[in-house]
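Here is a short report on a predicted model.

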Amino acid sequence: MAKGKSATRRGERELAFQVLYGLSFTPARDIDDLRRIFRISPDYLARWEGQEPPSHPSGFAWELVAGVWSKSDELDASISNFSRNWRVDRMGRVELTLLRLAVFEIMYRNDVPPKVAINEALELSRQFGEGNAKSFINGILDAVAKALETGGISRPAADPSTISE
């Protein structure tokens, strides 16, 4: 980050959401393409106040973007398992992006309590989503968190090389 700029985790999640949402229109072909897309996102550039951002981004937002991107198939499978009567390909892009982000945090980020991931997704839903999407998102995320808590699902072993590249 540029001097004097410290981002909150909420701000980092918002940046990650915006980059991931953009990827739903123009997917990254590989990790270098993902890095480039992240580096040119307007919110990321604004944090550098006209300075050249580093060629290899780091930080919480980057870890979320790289993690969701690298685990999207697994995340979609988890979302499908807990979304009754909704196929992933029929979900709105905002809602699917929020679900992927929160399920990634629940499943792969031991430093983020599930309740925090759910609350943050709901806050982002209020900001970017449709009014009625909040209960849909909450229902799926709550089911994922409960299944994790009761042992219905378990956290996959994290692969640091693909999550924080």
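## Aromatic pairs

Phenylalanine 38 and tyrosine 44 are both buried (under 20% relative accessible area; exposed is over 50%, partly exposed in between; 1.4 Å probe, protein chains only). Their ring centres lie 4.7 Å apart with planes at 50°, so this pair is tilted. Rings of Phe, Tyr and Trp (its six-membered ring) pair if their centres lie within 6.5 Å; planes under 30 degrees apart are stacked, over 60 edge-to-face, the rest tilted.

The model has eight aromatic pairs by this rule. Tyrosine 21 and phenylalanine 25 form an edge-to-face pair, because their planes stand at 80°, with centres 5.2 Å apart. Tyrosine 21 is partly exposed at 28% relative accessible area. Phenylalanine 25 is partly exposed at 49%. Ring pairs link Phe17, Tyr21, Phe25 and Phe128 into a cluster.

## Confidence

Mean pLDDT (the predictor's confidence in each residue, from 0 to 100) is 89 for the protein, and 91% of the residues score at least 70. Residues 1-6 stay under 50. Residues 160-165 are also below 50. Where pLDDT is low, the predicted coordinates should not be read in detail.

## Basis

This is a predicted model: local features need pLDDT of at least 70, side-chain atom pairs count only at pLDDT 80 or more, and totals for chains, interfaces and linings use all residues. Residues are numbered from 1 along each chain as its sequence is written, and side-chain values use heavy atoms, leaving out hydrogens and water.

Terms used: Contact means heavy atoms within 4.5 Å.
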